[in-house]
Amino acid sequence: MTKSYLDHTAATPLLPEVREAMMPYLGDIFGNPQSLHDWGDGAREALEAAREQVAGLIGARADEVVFTGSGTESNNLAVKGLALAQQGKGKHVVVSAIEHFSVLHSARTLAKWGFEVSEVPVDRHGMVDPDDVRRILRDDTVLVSVMHANGEVGTIQPVKEIAAITGDRKIPFHTDAVATAGTLPVDVIALGVDALSLAANQFYGPKGVGALWVRKGVRIIPLLDGGIQEGGRRAGTENVPAIAGMGKAAELARQHMAERINRLVPLRDRLLKELAARIGHVVVTGHPGNRLPGHASVCVEFIEGEAMLMLLNGKGIAVSSGSACTSRALKASHVLIAMGLPHEIAQGSVLFTLGIENTDRDIDYLLEAMPPIVDRLRQMSPLYDKFMKASRGGN
Amino acid sequence: MPVYSDKVMEHFTNPRNVGEIEDADGIGEEGNPVCGDMMTFYIKVKDDRLEDVKFKTFGCGAAIAVSSMVSEMAKGKTLEEALKITPQLVADQLEGLPKNKFHCSNLGAQALHKAIQDYLSKHKKGGNDHGK
Ligand code: FES
């Protein structure tokens, strides 16, 4: 069976070069980077080399990069750590309505700790308006966190414009760049942010490793108490093999970024255009132009995402969905709802996220496999029935 | 993939009795308050028995499997017997449902019962010959 993996937001395959770069640290070079002997030196050198590589990917200084265990941890550290460090000045925190749960739920925790949290809305394309951020800021605002791009709908946010606003008011600004770092050019200086999260498994690196960049001079309270690893900002023995892998993946991402983007964009555009033409009644979610290169997210009307996902899986195609039925909590994606999509449309959410190993053949195969699946589910759907009867009656 | 039993997967991939009965004797529509999904059951009644049962479902894999199973369980049963089909029985027949999907089985049983009630309420007006 042809297999097409179109779920790169969930996980990317590990590049062979990355695996190679990790192997020594799963073998002979097993030392603790904090040890003062030769074994420690080997591990420490790997750690610092990776730090340079990750810093290079985002235009930062190496000593500003903190390795963490995931993008989620980076976001937790940023949101809680920055807010706690500033709480003498105020207790108001601003996040967008479409942040990843690791930001939204961190903000919720801050609210339990006595902070006040405001959510900035988005428009129907999932875009934050910088003016809305400006309006929501208060004298006691101590943190703003707006993501660089949304992983569910692909919309790229006006982070630079928001940073200009927060910068004027000297309010620390964190951006969750998990969806963009390693995929699109990200330069912390040009963006003007104060902290930025990234994760290796979004750019063909290993799972279980992320990083938080924090601008020098910006205070942050660590979440983990323990040793002095990562400049005291993240205690715990470093995951050296994963970090080495992240470093290599960052280096490759930087080298091949333009060529990857140039490959992904036409594939994505073809998928969106031809899929809509073949199955009809498809709502493209997210911004039509300003979106992640390999990101095609849609809602297929009258049917439900989990059913589509399972039938596509039966054909060897991996996708994901933001429908209520696919979530454990049976809640529709907060992102789609924040964009104002009605619940029954959000139910038809399907997310195709392409990666560097995909080719036109994957798109061909999807375009061949998907229409009969959609058709079959629509034949089963009372909503489609009603729609067809209404449109027949209307003519 | 949600952890579905083989039986659920089998009914989901080959649902029985999908469709609509043009001159149905009873129709039952039920919305799922939890996730917003929908099921419609159509029944044909003869001599107090469900001669035919068909359904349309807008919902997840579990909801589709549930409707298929309910239709299969109900077909050929007397109205009284069919009214005794409970969500738990449906789930059992499907060799279990994931905990957070149990509500989908309520939907199936309720939509069927509504279709039967629809039939009964129409039928009462004509003459009460079914209620023995
Ligand atoms: S119909 Fe939505 S979870 Fe089953």
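Predicted model: local features only at pLDDT ≥ 70, side-chain atom pairs only at ≥ 80, totals over all residues.
## Extent of the interface

Chain B brings 28 residues to the contact, and chain A brings 26 residues. The size of an interface is often given as the accessible area lost when the parts come together. Here the area buried between chain B and chain A is about 2,100 Å². Carbon and sulfur atoms give 64% of that area.

## Charged and polar links

Four salt bridges are found across the interface of chain B and chain A. Glu306(A) and Lys101(B) pair through their side chains in a salt bridge, at 2.6 Å from N to O. Lys101(B) qualifies because a salt bridge requires a Lys or Arg side-chain nitrogen within 4 Å of a carboxyl oxygen of Asp or Glu.

## The chain B side

Which elements of chain B give two or more residues to the side that touches chain A? They are helices α1 (6–13) and α2 (61–74), with strands β2 (38–46) and β3 (49–58). By class, this side of chain B has 15 nonpolar residues, eight polar and five charged.

Helix α8 of chain A runs over residues 240–279, 40 residues in total. Its end C-alpha atoms are only 47 Å apart. A straight helix would reach 58 Å at 1.5 Å a residue.

Where does α8(A) bend? The bend is at His256(A), by about 65°. After α8(A) comes Gly280(A), with a positive phi near 65°.

Notes: Residues numbered from 1 in each chain as written. Chains lettered and ligands numbered in written order. Heavy atoms only, no water. Contact = heavy atoms within 4.5 Å. Buried area = accessible area lost by both parts, 1.4 Å probe. Helix = DSSP H or I, 4+ residues; strand = E, 2+ residues; numbered from the N terminus. Nonpolar A, V, L, I, M, F, W, Y, C, P; charged D, E, K, R; others polar. Expected span 1.5 Å × (residues − 1). Bend = angle between axes of the 7 residues up to and from the residue.
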